[in-house]
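Welcome! Take a moment to look over the fold, and then we will walk through a few of its parts together.

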Amino acid sequence: LVDNADGMGDLKAIFANDSKYKRLREMLTRYLNQHPKEKVVLFSYFRPTLRYLNRRLEADGITSIVLMGGQKTDKNEIIDQFQKNDGPSVLLSSEVASEGVDLQFSRLLVNYDLPWNPMKVEQRIGRIDRLGQKSPTITIWNLFYADTIDERIYTRLYERIGIFEQALGGLEAVLGDHIRKLTDDLLTGNLTPEQEESR
C-alpha cells in the first residue's frame, strides 16, 4: 500500500501512525452517532490531505465528499449533494469554500489544519456562522499535533486574539502584514524552538 501519487509518501506507514486522523475519526464517530442527521464541514489547506481523508473516512464507514478547486463537478452541485438528507455526512473542503459559500445548515466545523492568519479561520467559520443558522451554538474543532509549531501558533495567536479583538476590533488591517512576515520567518527553519515561540 505504498502510494506516492498524492505526494504523501508511504501510505501504509501513515495509515498505521496517523494519530491526528485517529483522533478525528473518534470525534466524528461519536458526534455522528449522537447526531446522525448532522452535516460536518472540514477544512484543510492541502489537496492531498483532502483526498487522503476522503479515502480513510470512507474506509471507516463515514461518508464524505471533497470540494476543491479544479474539479470537474461544479461546487454548487457538490454542496447540493452534501446538503441532501441522504447525502454525505462530511464535506472535506479546501479554501475554495471559505468565501462565498453558504453552509449554515451545518453547526460543526473542523479545522484539520490551521492557517496562521486568523482572518482565514474567521472566513472558514463564517461559512456556518451566518444568517439562516438555526442552531443557537456552533462548534469549531481545531486539530493539531502537540509540541509542534502549529500548537505554539494556536496557543500564542488564536487563544489570545479574543482579548485583542475585544479591545481594538477587527484584525486584518492591523495584523495582515505582520502575519505574512511571521509566516516567512517561521517557515525558514532557521529559528530555534525558543526563537519560534518568541516570534
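## After helix 3

Let's begin with Gly61, which follows helix 3 and has a positive phi, near 80°. Helices here are DSSP runs of H or I with at least four residues, strands are runs of E with at least two, and both are numbered from the N terminus.

This is a predicted model, where local features need pLDDT of at least 70 and side-chain atom pairs count only at pLDDT 80 or more, while totals for chains, interfaces and linings use all residues. Residues are numbered from 1 along each chain as its sequence is written, and side-chain values use heavy atoms, leaving out hydrogens and water.

## One side of helix 3

Which residues of helix 3 are buried? They are Thr49, Leu50, Tyr52, Leu53, Arg56 and Leu57; buried means under 20% relative accessible area, exposed over 50%, and partly exposed in between (1.4 Å probe, protein chains only). They cover an arc of only 165° around the axis, so they sit on the same side of helix 3. That arc is taken from the directions from the helix axis to the C-beta atoms.

Five strands make an open sheet in the order 2-3-1-4-5, with parallel pairing. Two strands pair if DSSP finds at least two bridges between them. At the edges are strand 2 (64-67) and strand 5 (139-142), each pairing on one side only.

Strand 2 and strand 3 (residues 90-93) are joined in the parallel sense by four bridges. Leu67 has Ser93, in strand 3, as its bridge partner.

## Lys20

Look next at helix 2 (residues 19-34), where you will find Lys20. Lys20 is buried, with a relative accessible area of 12%.
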